[in-house]
Structures are given as structure tokens and as C-alpha cells.
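Subject: Structure handover

Hello,

Here is the structure you are taking over. Please open it alongside this message.

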Amino acid sequence: MTSAGLLLAIDQGTTSTRAILFDASGTVCKIARRELRQIYPRPGWVEHDPEEIWQAVAATSREAIEAATAPVAAIGITNQRETTVLWERATGRPVHNAIVWQDRRTAEICGRWREEGLAELVAARTGLVIDPYFSASKIRWLLDTVPGLAQRARDGEIAFGTIDTFLLWRLSGGKLHATDVTNASRTMLFDLHRLDWDDNLLDHFDIPRAILPEVRATGDDYGATDLLGAPVPIAGVAGDQQAALIGQGCFRPGMAKSTYGTGAFALLHTGTKPAVSSHRMLTTVAYRLDGETAYALEGAIFIAGAAVQWLRDRLGAVAAASDTDALAASSDPAQRVYLVPAFAGLGAPYWDPAARGALLGLTAECGRAEIARAALEAVGYQTAELIAAMKADGGPAIETLRVDGGMAASDMAMQFLADIVPVSVERPSSVETTAWGAAYIAGYRRGLCPSPEAMISGWRAERRFVPAMAAGEREERLAGWKRAVAGVLAAAER
């Protein structure tokens, strides 16, 4: 291992694009950031402008590189997963805005596939459930909707990619059409066992194999880019949740992390064979390094930090997201208010795209403070359901849950999480776990970073939250939450 050079992580997320420079020990040297505009053509539809994403990646990367005090030795990419882009191979021009992972427009397509009896095949091959969340139905919608696109795709003129693939195409000047196994495993088109695209599913969904990228390991040779200055090798790619698992040092079965960003995603390392869930958890590739593939069980919560944004932007309850803790702390503890934030449907373990949000338990004495507390507590309740489902699936016992993401900075939310699961919750000393995971992969591949075992040993917690709630209160609160969700699901069926 050498310590020469810095590592650049390109962290392209749902609400922002960032480029972060690290040294080989994981110390942040520079952060450059741009907000990402959200486009809402209709209720339930969410899009991004791929050109805006690319311009932000180029600008932030150049800004970070210009601040470097040593050569940049490698680039790692991490990205919002499932978000779908199609573009022309000849020009590199996107044929439509990117359809974001939160988008619900393909619910009818997914319903039709379920009616055709494809759910069992999808689960067996991909480890996923049929849902608009994943890329396959987004591709199908684009092929059905953009005039002439289906034929052009069959003729090999069109390329598909999740955001990592689109960025690799642009960074390589159109020379590389590739993705990694973690992103491929989120498309609903990828066989987890063979680690290749599944021709049977492609036939069922009528998606041409010609549009799909080559699939490579998480740590691999992704060529080099000279678009940011001197040529720099790209040596690692991972979807954001898998990058966070790596950045948290979760390299052993039984280690788990939960990231609280726009949504929330809990991943449990299950070992070198795909785990089978009977409780609607997802089976996904955790990473592939040194010729070995690791798998994880995943639970996806569509709305976490986005509920705090809703408090700020729609209700005007807080001026800044960081004010939420103080407002929630002033609430009446006797009130039992439940916010079921199904703004974009419900994810695991319900997978109901028709569900919509609800606020229950209100009395005349309730106000902004009680609603703020309910927004923070919602992530705890939802995570408790995910962890319970993973336990019921027979996954490795979770003794500690490592947390990251913007909402993990909330002491109130993290203490409630520890209380309601219940499990010890550890917040790392470094908050940049997702970006560091991408940088680490690239650095490890290039011989700059230590082994995964050394990463485990070197991980440090900034704070540990331990369960303090009485069992009776926990049971009462969880029962109230389940009644609230049941009401939302019943309303969705009407």
C-alpha cells in the first residue's frame, strides 16, 4: 500500500451533486457542492435534467481538483440508484429527462407485470419485488412513450444507464458504456446468481439487451478521464447505499448500516450467497471486490429526510432543517401523533405505490412541535419494521446499527431509533461515509487504501445511542404506528 496521492469521490445524489477530496486515511480535504433541481411534471412524477447533473459533476470535480495539494491518484463514483437515463450513442444526448427512483408513473406497468405472474420470477432472479422504484419499468415507459425510441433501441442506437453509467460515458468521452454489480442489481433485470443480465426477464419486459451496459466489479478498471485535467483513473463505482455500507466498514456478515438522506435505506451484510427474503425485503449485491461477491438484505424507506424538507418548505414549520430537533423537543410528550410519510407510496415491507401520506392522532392541542416530532419518529418506526422483517427472514443477528446521512445528525431521531427498534445505534466520527466508500474502493483498487479488515479495525464512533425506552411503551407506540399504516393502506385500496 502506498500513501501517495489524493482520492476524488464523485457523489451524485438525489438533491445535490458533490465532489469530495480525501487522503488515503479518509480525511476530507475539500468539498464542492451544487444543488440539484427537482422536476415534478405531474403528481407522483419526479425527473432530473441529465445535462444539469453532468454540468454539476464537471464543475464540482474541477473545483475540488483545483484545491488539491497533491496529485489525484484515483476517482470513485457513487450515485443515486435506479434513476434511469436513455441517450443517443452517436451524440450522447439524452432522449428524455432522467426518471428518478422516487417516480411512481409506472405503477400501471408494474401492476400488469404482476398480473402476468412475473413476481416469482423477478424475486428468484433479481432478489427484488416488482415496483416502480426499480429501473426496468422506467425503461419500458420511455420506450413506449418517446416516439420512435423502441425501434432505435432495437437498432442499437440508444444506450441505457443508471446515473453512474451516464457519468462514465461522459467522463470517458463516449468510450465506455459500463456499470458495476451494485447498480446493475437495482434494475430488476440482473441475475444475482450469474451476475449477468437476465435474458428471460428482458424478453418478458421487451427490453433490448443492446441498450444495456457492460457489468463490472465494484472495484475495477473503469478507464481514465482527462476531461477534468490530467488523466486520472476511475477505479471504483458503487450505488450510494452500498457505498455507505463500505464507508461504514461493514465487511462482515451481521454488520448493518442505515442511511438517512432523502429516503432511508437499511442494509444487512449477509455473506457470499444471496439471502432469500419471505418478508418483502430486497436481496441486493453489497459489493464485489478481489473476485468475491458479498450480498445484503435491504429495506427501503422512500421518505426520511424528505419529511423534514416538507416541514420546512411546505408547512413553514421550521426555517432550516437543523431547527427540527429544537422544535420537536418542545412538543407535548403525552401526544401520540403519527406521520405516515407515504408521499411517494410506501416502500418495504409494504411496497404499495398507491399509498399516500397521513397525519393521525391529532388533537386540538397539537401544533407544529408535535408534527415535527412525528416526522422525526417516523424514520424510527419505519426502520423498526425493516429490522423486524430482516430478523424474521433469519438474517444474521443485528447487535449494532451504524447510521449516516443528514438526518443522522439529529440526536432526538437517533435516540428514538435506538429506543424503538431496539438496538444500539452508532454514529460515525466521519459523516461522509457514502463518498468515502466510493473513494475507498478506488483507493483500495489502486493500492492506496488498507484492506477491508483494516477498515473494520479503524472505524470509530462519534456517539453511541443505547435503548432507554420501557418495553411497554415501545409496544404501545409500535401498535399505534401499525394502526396508522393500516389506515393508509386501507385508504389506498379504495
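This is a predicted model: local features need pLDDT of at least 70, side-chain atom pairs count only at pLDDT 80 or more; totals for chains, interfaces and linings use all residues.

Residues are numbered from 1 along each chain as its sequence is written, and side-chain values use heavy atoms, with hydrogens and water left out.

Salt bridges

A salt bridge here is a side-chain nitrogen of Lys or Arg within 4 Å of a carboxyl oxygen of Asp or Glu. By this rule there are 41 salt bridges. One of them joins Asp206 to Arg140, at 3.7 Å from N to O. This pair links distant parts of the chain, 66 residues apart: Asp206 sits in the loop between α8 (199-205) and β12 (214-216), and Arg140 in helix α4 (residues 135-145). Helices (H or I, at least four residues) and strands (E, at least two) are DSSP runs, numbered from the N terminus. For exposure, buried means under 20% relative accessible area, exposed over 50%, and partly exposed in between (1.4 Å probe, protein chains only). Asp206 is partly exposed at 46%, whereas Arg140 is buried at 8%.

A second bridge joins Glu462 and Arg427, 2.8 Å from N to O. Glu462 belongs to strand β23 (residues 461-465) and Arg427 to strand β22 (residues 424-428), and the two residues are 35 apart in the chain. Glu462 is partly exposed, with a relative accessible area of 46%, while Arg427 is buried, with 10%. Asp313 and Arg312 also form a salt bridge, their closest N and O atoms being 2.6 Å apart. Arg336, Arg373, Glu377, Glu473, Glu476 and Arg477 are linked in a network of salt bridges.

Two strands are taken to pair if DSSP finds at least two bridges between them. Strand β21 (residues 400-404) runs parallel to β22, joined to it by 3 bridges, and Leu401 stands opposite Val425. From β21 the chain passes through helix α13 (residues 411-420) to β22 in a right-handed β-α-β crossover (with the strands pointing away from the viewer, the path from the first strand over the helix to the second runs clockwise). β22 pairs with β23 in the antiparallel sense over 4 bridges, and Pro428 has Ala461 as its bridge partner there.

Helix α9

Helix α9 (residues 240-247) has 8 of its 8 residues buried, so it is largely enclosed by the rest of the structure. Gly249, with a positive phi near 70°, follows α9.

Pockets

On a 1 Å grid over the protein atoms alone, a pocket is an open set of points where a 1.4 Å probe fits, with protein on both sides within 12 Å along at least five of seven lines; lining residues have an atom within 4 Å of a point. A volume is the space filled by probe spheres set on the points, which are joined across faces, edges and corners.

The largest pocket has a volume of about 1200 Å³. Its lining has 47 residues, and Tyr260, Gly261, Gly405, Gly406 and Met407 lie nearest its centre. Helix α10 (residues 305-313) gives the largest share of that lining, 5 residues. The second largest pocket has a volume of about 760 Å³. α10 also gives the most to the lining of this second pocket, with 5 residues.
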